[in-house]
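Please look at the sequence and the model before reading on.

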Amino acid sequence: MVSKRRIGDSHVYPVGLGCMNITHAYGPPLPEDEAKALLLRAVDMGYDFLDTATLYGFGRSEELIGEALKDRRNEYFLASKCVLGFKDGQRTLDARPEVIKAACEASLKRLQTDVIDLYYMHRPDPNVPIEDSVGALSELVQEGKIRMIGLSEMGDAHLRRAHAVHPIAAMQSEYSLWVRNPEIAIKAACEELGVALVAFSPVGRGFLADPPVDPAKFHESDLRGTIFPRFFPENYPGNLPLLEEARACAGDMGCSVAQLALAWTLAKGGNVIPIPGTTSLKHLEENWKAGGIQLSDEMVARLDAHFLPEKAVGPRYNQVGQSVVSTEMYAFETSQ
């Protein structure tokens, strides 16, 4: 029996579903009928934590969830995000209270629901004190439009300032064998404050797989070719040797490399909840089954030692991407 994990006053299956790449980021969006079929299959399978955002597909990800699952709203915990939005087809970053409240109203309409279970600030806004933004989110909780507040891609200082205004239920951070930055500070802070650590890109945006993604085959719209330097031609080949040990460990466990990567995140703490995204029904099932895989302490230590943070070749984000997050960086990253 797989034990559920806590987010605020709710409990969810250990592996959630990230709903970004059905519409956004890694190439063309899924055809509408396929996207809806995947969402329906996920809920049928037992996925009960769906994570989307205003930005994904410029609102289309939220719309698809609303259209496909409005009649099954009581079967899943729903998370979305504000602050990163869009206007006239362009991305915006705005955490002013009035903008957050307007974004929430728009998200509720697209999602065809009366309440969002977890509403994150997608990024910190350097022009707005986080206390003001969280104050607006707290008012949305009081109004019954959202149930809990989350943060995304922020560090220890932002978390503590926000938590002092209103309890933070979840921090979303990139966390995987390939990206260990939460271990610098935010993971411990979440444990101390009783905050769920929602791990996005837990299979390394397709790197932690067998075979891994091939950057030479990326669509021109795939952000991995422009925003994420570890996939760039000068860096990616240097990362591939890391997978040899992952394959060996997966073989020992009788699972896939992607399942191994998910099981590793689950082993890093009872408050860690990975949310892999996929456009594949096969991978949807594979990821789900990872929720029942338990790694021994020895296996976790073996993987920890092999995937040391400094072994990754290339920075996590390009300069623009890094400039809008406050997640802590390793010393060696600041010189890359």
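**Glu 67 and its surroundings**

Leaving aside residues up to four places away in sequence, Glu 67 touches Glu 32, Lys 36, Arg 60 and Gln 112, where contact means heavy atoms within 4.5 Å. The model is predicted: local features need pLDDT of at least 70, side-chain atom pairs count only at pLDDT 80 or more, and totals for chains, interfaces and linings use all residues. Residues are numbered from 1 along each chain as its sequence is written, and side-chain values use heavy atoms, with hydrogens and water left out.

- Glu 67 is part of helix H2 (residues 60-69); helices (H or I, at least four residues) and strands (E, at least two) are DSSP runs, numbered from the N terminus.
- Glu 67 counts as partly exposed because its relative accessibility is 32%; buried means under 20% relative accessible area, exposed over 50%, and partly exposed in between (1.4 Å probe, protein chains only).
- Between the C-alpha atoms of Glu 67 and Arg 110 there are 8.4 Å, although the two residues are 43 apart along the chain.

**Helix H4**

- Helix H4 (residues 130-142) has 13 residues and reaches 18 Å from its first C-alpha to its last, close to the 18 Å expected at 1.5 Å a residue; the expected span is 1.5 Å times one less than the number of residues.
- Buried in H4 are Ile 130, Ser 133, Val 134, Ala 136, Leu 137, Ser 138 and Leu 140.
- The cover over these buried residues includes strand S5 (77-82), helix H3 (97-111), strand S8 (116-121), strand S9 (146-152) and H5.

**Helix pairs**

- Two packed helices are described by the angle between their axes and the distance between the axes. Axes are lines fitted to C-alpha atoms, for helices over the stretch in contact, and angles run from 0 to 180 degrees between N-to-C directions.
- H4 and H5 pack at about 45° with axes 9 Å apart, and are therefore oblique to each other; angles under 35 degrees count as roughly parallel, over 145 as roughly antiparallel, 65 to 115 as roughly perpendicular and the rest as oblique.
- In this pair, Ile 130, Glu 131, Val 134 and Gly 135 of H4 meet His 158, Arg 161, Ala 162 and Val 165 of H5.
- The axes of helix H5 (residues 156-165) and helix H6 (residues 186-193) come within 9 Å and cross at roughly 20°, so H5 is roughly parallel to H6.
- The H5 side of that contact consists of Asp 156, Leu 159, Arg 160 and His 163, and the H6 side of Ile 186, Ala 189, Cys 190, Glu 192 and Leu 193.
- Helix H8 (residues 242-253) and helix H11 (residues 297-306) pack at an angle of about 170°, with axes 10 Å apart, which means that H8 is roughly antiparallel to H11.

**Backbone features**

- Most residues other than glycine have a negative phi, and most peptide bonds are trans.
- Phe 58, not a glycine, has a positive phi of about 50°; Phe 58 lies in the loop between strand S4 (49-51) and H2.
- Phe 58 is partly exposed, with a relative accessible area of 38%.
- Gln 112 also has a positive phi, near 55°, and sits in the loop between H3 and S8.
- The peptide bond from Asp 210 to Pro 211 is cis, with omega near 5°; Pro 211 belongs to the loop between strand S11 (196-200) and helix H7 (236-239).
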